[in-house]
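This report describes a predicted model. Please keep the sequence and the coordinates at hand while reading the sections below.

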There are 2 protein chains.
Amino acid sequence: MSEIKTIVVNRSAYADNDLEADYLRKYLKEKGTYVVNLMSSPGAGKTTTLTKLINILKSTFRIGVMEADIDSDVDAISIAKNTGVKSIQLHTSGMCHLDAGMTKSGLDGINIEDLDLVFLENVGNLVCPAEFDTGACLDIMILSIPEGDDKPLKYPLVFEKCDLVIINKIDTISYFNFDFKKCEETIKMRNPNATIIPISAKTGENVDKVAQYFIEKVNNWKEK
Amino acid sequence: MSEIKTIVVNRSAYADNDLEADYLRKYLKEKGTYVVNLMSSPGAGKTTTLTKLINILKSTFRIGVMEADIDSDVDAISIAKNTGVKSIQLHTSGMCHLDAGMTKSGLDGINIEDLDLVFLENVGNLVCPAEFDTGACLDIMILSIPEGDDKPLKYPLVFEKCDLVIINKIDTISYFNFDFKKCEETIKMRNPNATIIPISAKTGENVDKVAQYFIEKVNNWKEK
């Protein structure tokens with residue numbers, strides 16, 4: 001897969017991002033396409049996790065992936081090559097986050113008519129993406145073991161906002177000084193309702209639990 | 001060390017950040033205080049690296065540290081406890097970066113009269129901090145092995161801007177799929193003049209080389 005569609009997405013013309021995000025969610029409900037906004041620090045394992053996850057979920061859902069980055073298209077190529085699902089690259093014109101207008105441009109570019117589930121891989125950044133509602137149906141994040149257990153203390157908003165916190169690279173926990181219980185407690189302090197699933201995208205451990213989480217989420221959403 | 005001075009720094013009232021940054025650099029030259037702006041992703045090892053580095057450099061320079069975070073004061077406490085140097089916490093009021101005005105507020109708070117060298121630990125974020133000149137004399141960054149060798153492709157500006165790229169956590173390189181040569185090449189593509197020093201802040205490997213780098217930088221600056 002050498003040619004990947006790349007879309008340059010620009011800041012929305014709408015003044016009210018929250019309003020546009022709500023409008024987008026209604027549109028997605030009409031279309032029957034569930035969009036998941038995935039956030040994390042750079043290098044926490046978003047693309048690797050999505051690859052493993054999609055290879056489980058693709059027998060259940062018709063899946064698409066939008067990879068947002070400031071530059072490069074390595075992630076969209078990687079997803080297409082390693083999962084076979086429809087994948088596009090969004091370039092953010094230097095922006096540190098995606099808003100609802102940028103997400104809508106991406107969705108128009110990937111064409112959601114034949115998709116049940118779209119993953120939006122946000123720019124690797126624990127701060128700004130959390131401040132902008134993308135219009136996705138669900139916000140989730142990945143924290144990776146090498147980043148340390150203190151991140152929920154330092155980056156409150158993203159942990160408050162995410163329904164699911166995937167803790168990745170648990171295969172490295174014996175190497176890093178990461179207190180899993182303390183981390184769980186601080187995540188719950190930020191967001192008592194967060195679901196926390198420890199995984200290793202590298203070894204595949206527990207990725208099936210994340211897949212099950214999405215099957216339930218999408219099915220509940222469709223029934224509503 | 002249980003009490004750490006915390007300063008809430010707000011966005012500058014000045015419209016022209018670049019102008020204010022240049023003004024700050026002139027002021028620092030007059031005062032004889034060299035300020036280093038340290039950037040990285042969350043969890044790349046800024047505080048651990050600074051701790052090891054300062055314990056080498058503190059016999060040569062009078063050092064201060066300003067720890068910027070959106071929330072928490074764990075880093076400033078850690079620096080003060082583990083190095084004994086003057087350390088303050090800056091809270092950014094939710095902001096994802098520091099500008100020159102915020103840096104000046106921090107410097108006023110730490111009082112630079114008796115300091116030769118001040119490290120400013122920026123908010124953990126590879127995007128926004130690179131967009132704002134803090135007025136520091138030098139911009140440096142840490143990339144850590146678990147983040148992956150593709151980061152210079154995805155986050156161009158921070159690599160273009162930094163004179164020194166420290167590659168941390170090299171003690172974990174056998175575990176992660178990190179191509180050091182490829183990473184070096186892409187850093188040099190972004191910034192042919194960058195100095196690249198691989199270290200392990202955990203084991204202390206090569207931290208003396210970083211210390212030597214700063215001794216030369218500060219001495220050259222003072223002689224100018």
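## Basis and overall fold

Among contacts in chain A (heavy atoms within 4.5 Å) between residues at least 6 apart in sequence, 77% join residues at least 24 apart. Because this is a predicted model, local features need pLDDT of at least 70 and side-chain atom pairs count only at pLDDT 80 or more, while totals for chains, interfaces and linings use all residues. Residues are numbered from 1 along each chain as its sequence is written, chains are lettered from A and ligands numbered from 1 in the order in which they are written, and side-chain values use heavy atoms, with hydrogens and water left out.

Chain A holds eight helices and eight strands, these being DSSP runs numbered from the N terminus (helices H or I, at least four residues; strands E, at least two). With a radius of gyration of 16 Å, close to the 17 Å that the globule rule gives for 224 residues, chain A is as compact as a globular protein of that length; the radius is taken over C-alpha atoms, and the rule is 2.2 Å times the number of residues to the power 0.38.

## Burial in chain A

Of the 224 residues in chain A, 62% are buried, where buried means under 20% relative accessible area, exposed over 50% and partly exposed in between (1.4 Å probe, protein chains only).

## Aromatic pairs

Over all chains, the count comes to 11 aromatic pairs; rings of Phe, Tyr and Trp (its six-membered ring) pair if their centres lie within 6.5 Å, with planes under 30 degrees apart counted as stacked, over 60 as edge-to-face and the rest as tilted. One of them joins Phe119(B) and Phe214(B) edge-to-face, at 5.4 Å centre to centre and 90 degrees between the planes. Since Phe119(B) lies in strand β5 (residues 117-121) and Phe214(B) in helix α8 (residues 207-223) of chain B, the pair ties together parts that are 95 residues apart in sequence.

Phe119(B) is buried at 0% relative accessibility, and Phe214(B) is buried with a relative accessible area of 0%. The rings of Tyr213(B) and Phe214(B) also form an edge-to-face pair, with centres 5.5 Å apart and planes at 90 degrees, and Tyr213(B) is buried as well. Elsewhere, ring pairs link Tyr175(A), Phe176(A), Tyr175(B) and Phe176(B) into a cluster.

## A loop serine in chain B

Ser72(B) sits in the loop between β3 (63-69) and α3 (74-83) of chain B and counts as buried at 11% relative accessibility. Leaving aside neighbours within four places in sequence, Ser72(B) is in contact with Leu153(A), Lys154(A), Gln89(B) and His91(B).
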